[in-house]
Amino acid sequence: MELRQRALEVLCLTDAEEKSAAALALHAQAAIVPIAIDATFKPTRALPGHPARPQLLQHTQLARRSPATPEGRAVLIHAIAHIEFNAINLALDAIWRFAGMPRQFYLDWLQVAGEEAKHFRLLRDHLRQHLDHDYGDFPAHQGLWSMCEKTAHDIVARMALVPRTLEARGLDATPQIQRKLRNAGTADALAAVGILDIILCEEVGHVAIGNHWYGWLCAREGLEPVAHYAQLVQRYEAPRPKPPLNTAARRAAGFSEAELQWLEHG
């Protein structure tokens with residue numbers, strides 16, 4: 001088994017349980033799996049593989065419900081589970097797609113894939129055990145994967161706009177979601193807060209990986225990171241973060257003060 005080929009195979013899987021289990025199994029082999037760094041691969045089917053459910057809609061078509069109700073909490077946890085499922089795909093795509101990077105690049109994204117799979121399974125188990133629902137019961141959107149497709153040809157843009165833009169938004173949003181769940185005060189809501197604590201801690205590491213490789217690529221190509229990031233945001237119409245920023249988490253993930261100033265004030 002070779003890592004990058006296997007990452008593409010797992011990316012193509014359509015069953016959510018099978019994909020998350022396969023990502024975890026691949027991560028468990030990190031110490032011994034060979035990596036064909038310079039190889040190129042070609043998908044044999046449309047990417048990514050995804051299950052028949054959930055139904056995929058535009059994000060503007062998705063209904064919002066209050067987490068004060070059990071149904072509203074189920075919708076919320078389902079939406080986060082879908083983000084984590086997509087994040088498995090994003091990490092796997094970085095592994096197989098981009099050749100010629102240092103070995104640690106592929107191991108870093110393998111770690112992300114494994115941890116995203118863990119997050120997805122924690123949230124899916126929560127839906128089943130506490131909220132009488134399962135992954136696929138509510139519609140979802142593909143915003144994360146859309147940016148993945150836009151940046152498929154440009155590794156610098158991928159590192160800039162997926163982990164350190166879209167995924168970094170989760171660092172800002174999670175404390176606010178946790179606050180709403182604490183206000184609900186039910187046993188299932190408080191259990192969800194605990195799961196989000198685990199996810200937030202590990203997502204800081206994922207964003208840090210994106211920051212590291214974005215900085216490494218900018219240094220290799222002679223690019224000024226803050227100025228180039230601003231150009232990429234405009235070129236790819238990437239969303240700006242919604243305040244308030246979780247500046248403590250973003251600093252822990254490697255954002256510089258200059259970047260935080262730009263994100264907050266433009």
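In the predicted model, a polar atom of the Arg73 side chain lies 3.3 Å from the backbone oxygen of Ala68. Arg73 belongs to helix H3 and has a relative accessibility of 4%, so this residue counts as buried. Beyond its neighbours within four places in sequence, Arg73 is in contact with Ser66, Pro67 and Ala68, with Leu131, with Leu181 and Ala184, and with Thr186, Asp188 and Ala189. Leu127 is 54 residues from Arg73 in sequence, and the C-alpha atoms of the two are 9.2 Å apart in space.

Salt bridges were searched for over the whole structure, and 15 were found. One of the pairs is formed by Asp134 and Arg124, whose side chains meet at a distance of 2.8 Å from N to O. Arg124 has a relative accessibility of 11% and counts as buried, because the limit for burial is under 20%. Asp134, with a relative accessible area of 21%, is partly exposed.

Asp134 also meets the side chain of Arg128 in a salt bridge, with an N to O distance of 3.3 Å. Arg128 is partly exposed, and its relative accessible area is 38%. These residues belong to a network of salt bridges that links Glu17, Arg121, Arg124, Asp125, Arg128 and Asp134.

A further salt bridge joins Arg164 to Glu259, with the closest N and O atoms 2.3 Å apart. This pair links distant parts of the chain, since Arg164 is in helix H6 and Glu259 is in helix H10 (residues 257-265), 95 residues away. Both Arg164 and Glu259 are buried.

Rolling a probe the size of a water molecule over the atoms shows where empty space is left. The search of the whole structure returned two cavities of 30 Å³ or more. The largest cavity has a volume of about 50 Å³. Its lining includes the prolines Pro48, Pro51 and Pro54, together with Leu56, Phe85 and Tyr135. His50, His82, Asn86, Asn89 and Gln142 also line the largest cavity. By class, this lining consists of six nonpolar and five polar residues, with no charged residue.

The second largest cavity holds about 40 Å³ of space. Its lining is made up of Leu90, Ala91, Ala94, Trp109, Arg158, Met159, Val162, Pro163 and Glu167. Helix H3 (70-97) and helix H6 (155-184) are the elements that each give two or more residues to this lining. Helix H6 gives the most, with five residues. Seven of the residues that line the second largest cavity are nonpolar and two are charged, while none is polar.

Most residues other than glycine have a negative phi, and most peptide bonds are trans. In this model, a cis peptide bond joins Leu47 and Pro48, with omega at about -10 degrees. Pro48 is in the loop between helix H2 (16-28) and H3, and Pro48 is also one of the residues that line the largest cavity. Another cis peptide bond, with omega at about 5 degrees, joins Pro243 and Pro244. Pro244 is found in the loop between helix H8 (225-236) and helix H9 (247-252).

With a relative accessible area of 70%, Asp132 is exposed. Glu237, which is not a glycine either, has a positive phi of about 50 degrees. Glu237 is in the loop between H8 and H9, where Pro244 is also found. The relative accessibility of Glu237 is 65%, so this residue counts as exposed.

Note on methods: Residues numbered from 1 in each chain as written. Predicted model: local features only at pLDDT ≥ 70, side-chain atom pairs only at ≥ 80, totals over all residues. Heavy atoms only, no water. 1 Å grid on protein atoms, 1.4 Å probe; cavity = no way out; pocket = protein on both sides within 12 Å on 5 of 7 lines; lining within 4 Å. Points joined across faces, edges and corners; volume = space filled by probe spheres on them. Nonpolar A, V, L, I, M, F, W, Y, C, P; charged D, E, K, R; others polar. Helix = DSSP H or I, 4+ residues; strand = E, 2+ residues; numbered from the N terminus. Salt bridge = Lys/Arg side-chain N within 4 Å of Asp/Glu carboxyl O. Buried < 20%, exposed > 50% of the residue type's maximum accessible area, 1.4 Å probe, protein only. Contact = heavy atoms within 4.5 Å. Polar contact = N/O pair within 3.5 Å; in protein donor to acceptor, adjacent residues only side chain to side chain.
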